[in-house]
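Subject: A structure for you to explore

Hi,

Here is the structure I promised to send over. Have a look around, and then read on for what turned up in it.

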Amino acid sequence: MAYLDHIHACNNANLSRYARFRIGDLPVGAIRPEFAGALTALGDSFIRDENGEYGFGSHIKTIDARNQTLIEATEALCEQGVIKHLHGEKFDIRNRLSDDPLCQLDRFAMPYFGCRSWGVHMNGFVRKADGIHMWIAKRALDKPTYPGMLDNMVAGGQPTGLGFRENMIKECAEEAGIPANLAENVVAIGTVSYLYETDEGLKPDVMVNFDLELPEDFVPHCADGEVAQFDLLPIGEVAEIVRTGFDFKFNCALVVIDFLIRHGYLTADNEPSYCELVTGLHRSLEP
């Protein structure tokens, strides 16, 4: 077991299993043949072109029309059992961060369409006399995804209509009871990206990450029931948990590795896979 195993685990996608999903000339996702069949069976709202790629029917031209079509399609496919369930929260579909949203899709339907999601993750840490300690969350046992696994102190998906920093501060209050006067000190520190394959489909995702240095006397609390407990651990102990196993939710381990690199715990002198880790945290996401 090594740090690099987490990079490999988060980039497990076999793209030969997928066909592109387009909106106009823009590739925005990738879908499996079985999902493509279910989608086109709904009627002429979705088509397969002469290149074997999929998209909306030519009569669906506007954002509103695409949104309505996606609502109807995902609800129908959920009733059929093709999509396991829906979340109710909408994510923007766009290829790049600088692009205007082309439409919105239910959060839990994103991997079925192979569309890129963005999320926010935050490393909460404390500087003590003996070095850096990190706040680590343990996910609630009744969470529908990855119950009981370790997580970053605060994390969440990026819904439609919020800025990344705005969303991060909101998640700080909701997940860990961090008051606004502390959460306002979050520092944007970059992104981590990966190309991950699940039972549902493809996740070509980007995490927009933040650090938050907290005072020693602050203790987070589980504000929304999504976290079972928070533990403040020495950075060396956190590093060993990541290095020796898969106790962390798959993408959260990458955020910790990024923290270890940026804070000088992992260096070119002490980690043989240093270069592979640095480049592996920033996977090209073209499906």
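Which residues lie nearest the centre of the second largest pocket? They are Arg 22, Ile 23, Gly 24, Gly 55 and Phe 56, out of 14 residues that line this pocket. Please keep in mind that this is a predicted model.

The second largest pocket has a volume of about 210 Å³. Two elements, β1 (19-23) and β4 (54-56), each give two or more residues to its lining. β4 gives the most, with three residues. Sorted by class, the lining of this pocket holds five nonpolar, four polar and five charged residues.

Now turn to the largest pocket, with a volume of about 1,100 Å³. It is lined by 44 residues, and Arg 107, Phe 108, Thr 145, Tyr 146 and Lys 249 are the closest to its centre. Among the elements that give two or more residues to this lining are α5 (164-176), β11 (187-197) and β12 (202-213). By class, the lining of the largest pocket has 17 charged, 16 nonpolar and 11 polar residues.

Finally, the cysteines. A search of the whole structure turns up zero disulfides. For Cys 103, the nearest cysteine sulfur belongs to Cys 115 and is 7.2 Å away. Cys 103 counts as buried because its relative accessibility is 0%.

Happy exploring!

Key:
Residues are numbered from 1 along each chain as its sequence is written. This is a predicted model: local features need pLDDT of at least 70, side-chain atom pairs count only at pLDDT 80 or more; totals for chains, interfaces and linings use all residues. Side-chain values use heavy atoms; hydrogens and water are left out. A disulfide is a pair of cysteine sulfur atoms within 2.5 Å. Buried means under 20% relative accessible area, exposed over 50%, partly exposed in between (1.4 Å probe, protein chains only). On a 1 Å grid over the protein atoms alone, a cavity is a set of points where a 1.4 Å probe fits but cannot get out, and a pocket is an open set with protein on both sides within 12 Å along at least five of seven lines; lining residues have an atom within 4 Å of a point. Grid points are joined across faces, edges and corners, and a volume is the space filled by probe spheres set on the points. Helices (H or I, at least four residues) and strands (E, at least two) are DSSP runs, numbered from the N terminus. Ala, Val, Leu, Ile, Met, Phe, Trp, Tyr, Cys and Pro count as nonpolar, Asp, Glu, Lys and Arg as charged, and the others, Gly among them, as polar.
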